[in-house]
Amino acid sequence: MSSTLKDTLKTDLTTAMKARDTVRVATLRMALTAVTTAEVSGAEAVDLTDDDVLKVLAKEAKKRKEASTAYTDAQRPELAAQEDAELEVLEAYLPAQLG
């Protein structure tokens, strides 16, 4: 069986835990929870394809961008920085954007 994106996320989570990288651990846990939620959200549980997992990750990345903007507008740079750090972790799993 070939390695899937979800397996990669799990492996990277373990590595981040061993390295005590708290931002990466929190972000990967959130991403895996979002993937699991997407898998069980329908009428019956399904295994997501890598494309489906990428869609979930893109959605989570978009949430981080919007939250960062909202925090910046509300003069909360420390919270915006946290969202930006999480976004950076997520973007490592997304394909490069065009443009």
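Arg 64 lies in helix 3 (helices are DSSP runs of H or I with at least four residues, numbered from the N terminus). This is a predicted model: local features need pLDDT of at least 70, side-chain atom pairs count only at pLDDT 80 or more, and totals for chains, interfaces and linings use all residues. Residues are numbered from 1 along each chain as its sequence is written, and side-chain values use heavy atoms, without hydrogens and water.

**Arg 64**
- Arg 64 counts as buried because its relative accessibility is 11% (buried means under 20% relative accessible area, with a 1.4 Å probe and protein chains only).
- Beyond its neighbours within four places in sequence, Arg 64 is in contact with Met 30, Glu 83, Glu 86, Leu 87 and Leu 90 (contact means heavy atoms within 4.5 Å).

**Helix 3 and helix 4**
- Their axes come within 8 Å and cross at roughly 160 degrees (axes are lines fitted to C-alpha atoms over the stretch in contact, with angles from 0 to 180 degrees between N-to-C directions).
- Helix 3 is therefore roughly antiparallel to helix 4 (angles over 145 degrees count as such).
- Among the residues making the contact are Leu 57, Arg 64 and Tyr 71 of helix 3, and Glu 83, Leu 87 and Leu 90 of helix 4.

**Nonpolar core**
- The largest nonpolar core has 21 residues (such a core is a set of buried Ala, Val, Leu, Ile, Met, Phe, Trp, Tyr and Cys residues joined through side-chain atoms within 4.5 Å).
- Helix 1 (5-18), helix 2 (22-40), helix 3 (50-73) and helix 4 (77-91) each supply at least two of its residues.
- Helix 2 gives the most, with 7 residues.

Definitions and conventions. Buried means under 20% relative accessible area, exposed over 50%, partly exposed in between (1.4 Å probe, protein chains only). Angles under 35 degrees count as roughly parallel, over 145 as roughly antiparallel, 65 to 115 as roughly perpendicular and the rest as oblique.
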